[in-house]
Amino acid sequence: MKSLNLGILAHVDAGKTSLTERLLHAAGVIDEIGSVDAGSTQTDSLELERRRGITIKSAVVSFPLADVTVNLIDTPGHPDFIAEVERVLNVLDGAVLVISAVEGVQAQTRVLMRALHRLRIPTLIFVNKIDRRGAQDERVLRSIRDRLAPAAVALGSVTGLGARDARYLPFAAAGDDLVSVLAEHDDALLAAYVDGTQALCPGRLKDELAAQSRRALVHPILFGSAITGAGVAELIDGIRELLPGVAGDTGGPPSGTVFKVERGPAGEKIAYVRMFAGTIRLRDRVPFRDVAGKVTAIRVFDRGTAVPASSVEAGRIGKLWGLGDVRIGDELGLPRTEPAERRHFAPPTLETVVVPARPADKGALHVALSQLAEQDPLIDLRQDDIRQETSVSLYGEVQKEVIQATLAEEFGLDVTFRETSTIHVERPVGTGAAAEFIAKPPNPFLATVGLRVEPAPIGSGVDFRLEVELGSMPYTFIRAVEETVRETLLQGLRGWQVTDCAVILTHTGYWPRQSHAHAVFDKSMSSTAGDFRNLTPLVLMEALRQAGTRVYEPMHHFRLDLPEDVFGTVLPVLARLGAVPGTSTPQGASYLVEGVVPAARVHELEQRLPSLTRGEGVLESAFDHYQEVRGQAPARPRTDHDPLNRKEYLLHVLRQV
Ligand SMILES: Nc1nc2c(ncn2[C@@H]2O[C@H](COP(=O)(O)OP(=O)(O)OP(=O)(O)O)[C@@H](O)[C@H]2O)c(=O)[nH]1
Ligand SMILES: [Mg+2]
């Protein structure tokens, strides 16, 4: 049996969860269509989701479609929960990108489409809410082609737009649009099209459309309504005919990717795995990273929910119990030959300290936050031992409210937050090098480490390389150096994470373990990994000091739609918020202003906009790049003993041993 792991992606409130409900009903899996507004849908199952009417976590449901099992993953659309989408992208065979016919293409739609495009995920576009007042068709189509995907082509049109009885009408014959988009990748078709003499056979066009959709070369557009059901039957046909069902190789060694981790009622860990090859069976010992776990229970998705099973095979999604150490992103069994790209979206740009209402809850709070960080690694807990505080990184204020409500409801912990601050990054300015040699004072450790730090291309992260022979030293020592380098770079000269830099190991040296027949292991004469872990921060920070760093802040690109008459009053406000407007284009009675604004000021802009524009201004914004901070750059308080402050750092290390 084939499977199709299908993501439903869109900006917030576009109708993903409502559409999921419709698809399940049309497939005969549920008898009644649930509603987001009544809190009765299959995929918004968390108490908090039902109360707020928004999706917070990705959820899997399944339905049969001819000979294919469709595992549908409903994702959240709010930008604060983009991390949920990030993890799902690695396991998809296809996607439906939903766009509201009323709100049209949003900044978030562009962010999502860019990622789908980069990963070459076959994608159908569903323009939803054609029944709502204010729905548009031509305008949405134009903005899809101009701003989203040039190779997108409508397969039908709408009658009765903006009214309850709006309907989707598939085109009877292929239009010029479709033929010319398909001809881009098909020379024979192009020749026939240009020739104009030969009639194009409809069957041939249909096959070519399916082939090119499945290769993500063209994106078919359909219209409809998740509430009235218009266009849903045609969408189902599209999913079956235009997206690729996969029949994985169920024999051979198992290989799967964990994309979600949750805790069951008894606190047990449950891993959601998408299998790419082979089969995992009950009681199998499954290796991942450098550990392993024994599978104690399995559920697979079948006709709606997850049902108990004895195995999960290639192509399917399963829930696995028993893997205690498992983390999101782990590769179970054989790692995939094509490594899954790790990051598709920008990291969170905000952080805040979480403060328990009762000081005695500090320990319990840390445990609770660690569990939340298991389910959402981008929360990125930061434990400050010096100040005895825990901070989390965030995408925005809504995520903060959700963390607060979850801590209260699931863990009985009341918390408040300190003021939210922006996460900056540091990049090296030039090259710096440093080394410490074994048995050469003042180096107190039995290790030689030399490191050089250089700037690397933007977006490359931290690249660790060797300029010494791999065999010059036991591999465990080299690994200790690399791990410590990455850990140390979490806090640069100004306390921010250092990125886009290369660190090169230039010198190594150790004293071998004493192995003469009678000699016992003498710690004072033999190097250990601990010597390398202790020495590396000292050398690295010295090299970094010589290289120097600059501090950069996150910037958003924004699009602001304003009534013409308030243009003059809004511009000075933008300037005060540090925004740099690029282009302003008059569009009938409104102005479209595009530009960049510091991420730190987006929230304030959002809050001030309604009163500045009589509620008519529409702001879209999304992370764009990091920009150097001019003037005095902010420093982040360190959570460790500063390795640059040699004396204090050494005292700290010596106290630990
Ligand atoms: N009139 C109309 N309303 C719709 C349609 N689809 C969804 N809605 C309404 O739009 C709102 C948002 O719908 P959801 O299905 O929760 O949207 P979503 O994309 O899942 O939202 P998030 O998961 O929070 O991003 C709800 O009030 C729905 O009832 C539609 O086709 N027509
Ligand atoms: Mg939803």
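## A proline pair in a loop

Pro442 sits in the loop that runs between strand E26 (432-436) and strand E27 (448-455). The peptide bond joining Pro441 and Pro442 is cis, with omega at about 10 degrees. Keep in mind as you look around that this is a predicted model.

Glu84 is part of helix H3 (residues 82-89). With a relative accessible area of 8%, Glu84 is buried, because buried means under 20%. The side chain of Glu84 makes a polar contact of 3.1 Å with the side chain of Arg87. Setting aside residues up to four places away in sequence, Glu84 touches Ile56, Lys57, Ser58, Pro76 and Gln375.

Phe345 comes from another part of the chain, the loop between strand E19 (331-333) and strand E20 (350-356). Is Phe345 buried or exposed? Its relative accessible area is 7%, so Phe345 is buried. Not counting residues up to four places away in sequence, the neighbours that Phe345 touches are Ile82, Val85, Glu86, Leu89, Val111, Leu112 and Ala115. By contrast, Gly432 is 87 residues from Phe345 in sequence and 31 Å from it in space, C-alpha to C-alpha.

## Inside helix H13

Thr536 is found in helix H13 (residues 529-547). Thr536 is buried, and its relative accessible area is 0%. What does the side chain of Thr536 reach? At 2.6 Å lies the backbone oxygen of Phe532. Leaving aside neighbours within four places in sequence, Thr536 is in contact with Val449, Leu451, Val481, Thr484 and Val485.

## Helix ends and positive phi values

Helix H7 (residues 187-195) has a cap at its N-terminal end: a side-chain oxygen of Asp186 lies 3.1 Å from the backbone nitrogen of Ala188. After H7 comes Gly196, with a positive phi near 75 degrees.

Lys129 is one of them, with phi near 65 degrees. Lys129 lies in the loop between strand E5 (123-128) and helix H5 (138-148) and is buried, at a relative accessible area of 15%. Arg283 has a positive phi of about 70 degrees and is located in the loop between strand E12 (279-281) and strand E13 (285-288).

## Salt bridges

How many salt bridges does the structure hold? There are 40. Side chains of opposite charge can pair when their charged atoms come close. One of these pairs is Arg147 with Glu620, whose side chains meet at 3.5 Å, N to O. Arg147 lies in helix H5 and Glu620 in strand E34 (residues 618-628), so the pair ties together parts that are 473 residues apart in sequence. Both Arg147 and Glu620 are buried.

Glu594 and Arg559 form another salt bridge, at 3.7 Å, N to O. This pair links distant parts of the chain, with Glu594 in strand E33 (residues 590-598) and Arg559 in strand E31 (residues 549-563), 35 residues apart. The side chains of Arg638 and Asp640 also meet in a salt bridge, here at 2.8 Å, N to O. Arg638 is buried, with a relative accessible area of 13%, whereas Asp640 counts as partly exposed at 27% relative accessibility. Elsewhere, a network of salt bridges links Arg452, Glu454, Asp463, Arg465 and Glu467.

## A nonpolar patch on the surface

Which residues form a nonpolar patch on the surface? Leu466, Leu470 and Tyr475 do, and together they have about 300 Å² of accessible area. Leu470 is in the loop between strand E28 (462-466) and helix H12 (475-488). With a relative accessible area of 52%, Leu470 is exposed, because the exposed class covers values over 50%.

How values were computed
Residues numbered from 1 in each chain as written. Chains lettered and ligands numbered in written order. Predicted model: local features only at pLDDT ≥ 70, side-chain atom pairs only at ≥ 80, totals over all residues. Heavy atoms only, no water. Helix = DSSP H or I, 4+ residues; strand = E, 2+ residues; numbered from the N terminus. Buried < 20%, exposed > 50% of the residue type's maximum accessible area, 1.4 Å probe, protein only. Contact = heavy atoms within 4.5 Å. Patch = residues over 30% accessible without salt bridge, like charges linked within 9 Å, V, L, I, M, F, W, Y side chains within 5 Å. Areas by Shrake-Rupley, 256 points an atom, 1.4 Å probe, with all protein chains shown as cover. Salt bridge = Lys/Arg side-chain N within 4 Å of Asp/Glu carboxyl O. Polar contact = N/O pair within 3.5 Å; in protein donor to acceptor, adjacent residues only side chain to side chain.
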